[in-house]
Amino acid sequence: HTIKVVMEELFFGGKERKPVPSVPPPYSASDDEKKEWVLRELAKIYTTVFKPIEEATKFDVFYSSLLNEAEFRTPPMVLLIGPYSVGKTTFIHYLLGRGFPGERVGPEPTTDRFVAVMYGEDERTIPGNALTVAPNSPFRALQREGNHFLARFEGSMCDSPLLEHITLIDTPGVLSGEKQRVARNYDFDVVVQWFAERVDLIILLFDPFKLDISDELMSVIKGFKGHEDKVRVVLNKADQVSQQQLMRVYGALMWSLGKVLETPEVCRVYVGSFHDEELKDPDTAPLLAAEMADLLADLRDLPHQSAMRRVNELVKRARLLKAHLYLLDHLRDQMPNVYGFDRKKKELLDTMPAQFRAVCRARGLSPGDFPDITKFSQAL
């Protein structure tokens with residue numbers, strides 16, 4: 001099919017599709033049974049409708065990789081990110097109430113890899129290459145990041161009841177300076193963005209002694225564009241400063257985030273100290289306890305909202321795919337039939353903002369549904 005025919009079929013019913021018989025659970029079914037049915041149907045819709053079109057239009061070249069069924073069925077995932085030694089691994093330890101295989105904790109940059117902490121009765125670590133080739137792994141798409149990244153990626157199987165409901169992603173500390181980014185031997189921003197698109201919650205951690213937002217961290221945060229609703233900012237280790245210092249630190253953090261997030265709304269910052277010891281400052285202890293309880297309530301709610309989150313993400317993907325198809329159709333109509341391809345291609349690339357506006361007006365689409373012009377042009 002041509003792109004135009006595919007669009008007609010998908011969005012305007014140009015060709016009827018035979019419905020796949022599916023029996024929804026009865027009203028009396030449990031919430032888990034209903035959620036399982038919704039996730040199974042979403043995976044079926046994506047596999048039968050979206051995926052063939054994404055493959056035909058090279059959607060993964062322009063945007064994120066194609067999805068697999070395991071990504072619909074996996075427990076909600078939580079991504080922890082921030083500068084080194086702000087307490088990301090300790091935060092996981094606090095949630096689990098115990099350690100996990102492969103954990104590394106210390107004042108220096110200790111976690112030098114991405115670690116997916118998942119449920120497993122047989123406690124062990126799984127190397128990145130093995131983790132990404134497993135048939136039911138939600139991380140299969142990370143194979144394309146190559147051996148340099150896979151050597152810095154591992155799974156940690158831990159027999160903790162919490163991990164039956166959520167998966168936690170620990171990350172290397174974000175350092176400052178161009179040298180650190182080059183030394184990683186893989187594109188840190190691309191990997192973090194891949195996780196940001198798929199996780200259900202992003203916890204961005206700071207502590208009172210590391211409020212500077214480095215160039216790399218700024219790039220990472222800007223990569224969360226379109227996923228701002230998932231981000232929760234946490235000021236950790238807040239019991240290590242006095243009440244007066246905490247007010248100043250909180251204000252400084254809000255000011256720094258305001259320059260990076262580029263939104264008129266003020267983001268919510270949770271203040272707490274996520275460790276196994278008692279809170280050190282009695283003056284701030286009630287406030288910190290209340291803030292920590294609010295964040296933990298968000299985490300507890302994730303399993304109940306996972307099906308709705310998957311629906312939301314699939315709708316966002318559908319809107320992007322629709323804009324993508326219209327753009328490709330419009331650009332192909334502009335190309336000559338016989339000769340002058342290179343000249344016309346250069347002209348279209350130079351006038352890409354105007355091409356976006358033309359498609360937006362002609363098709364009645366929202367500008368918010370369109371991809372980033374710079375990235376689209378580079379991929380084209």
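This note sets out points on a predicted model, for a reader new to the structure.

1. Basis of the model. The structure is a predicted model in which local features need pLDDT of at least 70 and side-chain atom pairs count only at pLDDT 80 or more, while totals for chains, interfaces and linings use all residues. Residues are numbered from 1 along each chain as its sequence is written, and side-chain values use heavy atoms, with hydrogens and water left out.

2. The sheet. Eight strands make up an open sheet of mixed pairing, in the order β3-β4-β2-β5-β1-β6-β7-β8. Strands here are DSSP runs of E with at least two residues, and helices are runs of H or I with at least four, numbered from the N terminus; two strands pair if DSSP finds at least two bridges between them. The edges are formed by β3 (124-127) and β8, each of which pairs on one side only. From one strand to the next, the twist averages 25 degrees.

3. A parallel pair within the sheet. Strands β1 (residues 77-81) and β6 (residues 201-206) run parallel and are joined by four bridges. In β6, Leu201 is the bridge partner of Val78.

4. Helix α5 on the sheet. Helix α5 packs on the sheet and touches β1, β2 (114-119), β4 (153-158), β5 (167-170) and β6; contact means heavy atoms within 4.5 Å. The direction of α5 makes about 160 degrees with that of β5. Axes are lines fitted to C-alpha atoms, for helices over the stretch in contact, and angles run from 0 to 180 degrees between N-to-C directions.

5. Helix α5 against helix α12. The axes of α5 (residues 88-96) and α12 come within 13 Å and cross at roughly 75 degrees. The two helices are therefore roughly perpendicular, a term for angles of 65 to 115 degrees. Phe91, Tyr94 and Leu95 of α5 meet Met292, Leu295, Leu296 and Leu299 of α12. By class, this contact has seven nonpolar, no polar and no charged residues; Ala, Val, Leu, Ile, Met, Phe, Trp, Tyr, Cys and Pro count as nonpolar, Asp, Glu, Lys and Arg as charged, and the others, Gly among them, as polar.

6. The structure holds 23 salt bridges, each a side-chain nitrogen of Lys or Arg within 4 Å of a carboxyl oxygen of Asp or Glu. One of them joins Glu71 to Arg198, with the closest N and O atoms 2.7 Å apart. Glu71 belongs to helix α4 (residues 69-73) and Arg198 to helix α9 (residues 188-198), so the pair ties together parts that are 127 residues apart in sequence. Glu71 and Arg198 are both buried; buried means under 20% relative accessible area, exposed over 50%, and partly exposed in between (1.4 Å probe, protein chains only).

7. Other charged pairs. Lys210 forms a salt bridge with Asp207 at 3.8 Å between the closest N and O atoms; Lys210 is partly exposed at 22%, whereas Asp207 is buried at 1% relative accessibility. Glu313 and Lys316 meet in a salt bridge of 3.6 Å, N to O, and both lie in helix α12 (residues 285-334), three residues apart, about one turn of the helix. Glu313 is buried at 17% relative accessibility, and Lys316 is partly exposed at 29%. A network of salt bridges links Glu36, Glu69 and Arg73.

8. Asp283 is found in the loop between β8 (269-271) and α12 and is exposed, with a relative accessible area of 55%. Asp283 and Ser242 are 41 residues apart in sequence, and their C-alpha atoms are 8.0 Å apart in space.

Note on methods: Parallel < 35°, antiparallel > 145°, perpendicular 65-115°, else oblique.
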